Amino acid sequence: MEQSNGVHQETVNNGVQVKNGIIQTKEELANAEDEQRVRVYKRRWIMLGLFCVVSMSNAIQWIQYSVISNVVKDFYGVSQLAVDWFSMIYMLAYIPLILPGTWLLDHSGLRLIGILAASLNCLGAWLKFAGARPDLFGLAFTGQTVAAIAQVFILGMPAHVAATWFGAEQVSTACAIGVFGNQFGVAIGFVLPPIIVKNDDDITVVERGMKTMFLATALLTTVLLLLIILFYREKPPSPPSRAQLESKKTKEGRSYIDSIWLLSKNLNFILLLISYGINVGCYYAIGTLLNQIVLSEFPDSEVQIGIIGLALVLAGIVGSVVAGIWLDKTRTYRGTCIAVYLLSLTGMALFTASMKLDQLWIVGLVASFLGFFMTGYLPLGFEYAAELTYPESEGTSSGLLNASAQAFGIPFTILVGMVVSSKDAIFGNLILTGSLLIGSVLTACIKADLRRQRAEMQELKNEEEMVELRKYEDKSHKEINDEDVVLHVEKED
């Protein structure tokens with residue numbers, strides 16, 4: 001028993017503490033300590049902003065060749081399928097590398113991954129600049145492959161960055177902003193190449209445009225690499241939310257293979273894995289083949305196709321942010337995912353029909369509708385997966401989602417590309433429409449097992465119960481003191 005500064009305190013050997021007449025157990029003391037450790041920092045916006053810009057630069061590199069595929073085909077003297085592989089290598093590289101990439105993210109943290117991604121992104125850009133000559137197709141493809149490997153460390157990070165730096169009330173919005181960076185890069189990649197690289201019979205004009213485009217990309221990625229090295233941090237001093245804190249405790253001592261095994265037995269996550277792969281795989285196919293699809297119905301429209309791609313992606317950026325804000329406000333994951341998936345299906349059907357209306361502006365308008373919902377589904381899928389798989393790492397679940405998207409994206413792109421090459425773009429679009437219908441059914445079968453949300457609510461309930469308990473103890477302590485005073489007065493009388 002101690003007496004210090006007028007405060008009466010007694011500690012019992014079994015860990016129960018009495019302070020100012022209030023009993024506190026070991027668990028209560030630990031919770032009080034944890035509460036002090038949970039906070040958010042202003043620098044979180046800097047971390048998110050740096051990630052977004054690196055992701056943007058990598059996405060620019062993904063679509064640079066595809067949006068001017070007819071020009072690239074003639075410039076290098078290769079087949080259309082070879083040009084399509086400039087896009088598909090992003091998908092192919094992701095599939096075998098995502099598991100080691102996610103393991104590295106979980107064990108090394110955001111800073112090392114950020115530096116590694118920015119370094120590969122920069123190297124790939126400089127190799128592509130060096131390969132901007134008709135006789136250096138192999139070097140250009142090598143540069144694109146290096147950039148594709150960088151994507152492995154970028155694409156699954158939005159949910160991880162959001163959970164590491166942002167509190168529960170902002171995590172979905174932050175994830176959506178992370179996706180926004182990548183989509184903004186795709187938008188730039190759609191609109192600038194047709195403007196910079198002209199479709200000209202003079203090969204020197206095309207080469208000059210290619211070098212200008214790739215030099216700008218290389219300089220941008222070099223600046224970003226320096227910024228990442230100087231300012232990017234692994235994590236905040238304290239976790240930003242109770243869910244993040246409890247997740248770290250739960251995962252202590254668990255191996256990466258254990259996490260993968262647990263996810264493989266989660267039926268709801270498996271259904272999401274397939275449905276997400278179908279949706280985003282269709283998006284990758286459209287992005288890769290947009291030039292070919294539209295040119296098949298509207299010849300000599302390269303610049304307009306870039307603008308349509310811009311409209312597709314900009315609408316998707318708005319959709320991503322709206323979806324993130326909506327989830328933070330409502331937490332209605334299942335209903336929102338089903339609605340957005342069905343509207344993506346509707347948009348794909350309308351896009352298919354618009355190709356026969358002989359009005360390119362209608363195609364652009366419908367593409368905006370399609371992009372709003374199809375791209376808006378990206379952060380929804382990440383956050384829904386984080387809910388269904390809590391307390392497993394957000395990087396692991398989002399990495400597997402992206403691997404599924406790449407796995408569907410490659411066959412979708414090859415199959416639809418073959419169909420479009422045979423001058424039947426409508427049938428190619430119908431293949432994607434039917435696939436989205438299957439994905440909608442699978443999405444409706446997912447049960448809303450919101451584990452992360454439940455953990456947050458349980459922690460909040462525990463805190464409320466603790467407050468009520470302490471109020472009761474204060475009241476009891478006061479009543480005991482009042483009785484002592486009355487007995488003391490009676491004894492003196």
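I shall speak about a surface patch and then about salt bridges.

Please bear in mind throughout that this is a predicted model.

Let me begin with the surface. Helix H7 supplies the largest share, with 3 residues. Val303, for its part, is placed in helix H12. Its relative accessible area is 40%, so Val303 counts as partly exposed.

I turn now to the charged pairs. How many salt bridges does the model contain? The count is 2.

One of them joins Arg133 to Asp135, with the closest N and O atoms 2.8 Å apart. Arg133 is partly exposed, at 35% relative accessibility, whereas Asp135 is exposed, with a relative accessible area of 53%.

A salt bridge also links the side chains of Lys356 and Glu297, at 3.4 Å from N to O. Where in the chain do these partners lie? Lys356 belongs to the loop between helix H13 (333–354) and helix H14 (360–389), and Glu297 to the loop between helix H11 (267–295) and H12; the pair therefore ties together parts that are 59 residues apart in sequence. Glu297 has a relative accessible area of 23% and is thus partly exposed.

Thank you for your attention.

Terms used: Residues numbered from 1 in each chain as written. Predicted model: local features only at pLDDT ≥ 70, side-chain atom pairs only at ≥ 80, totals over all residues. Heavy atoms only, no water. Helix = DSSP H or I, 4+ residues; strand = E, 2+ residues; numbered from the N terminus. Buried < 20%, exposed > 50% of the residue type's maximum accessible area, 1.4 Å probe, protein only. Salt bridge = Lys/Arg side-chain N within 4 Å of Asp/Glu carboxyl O.
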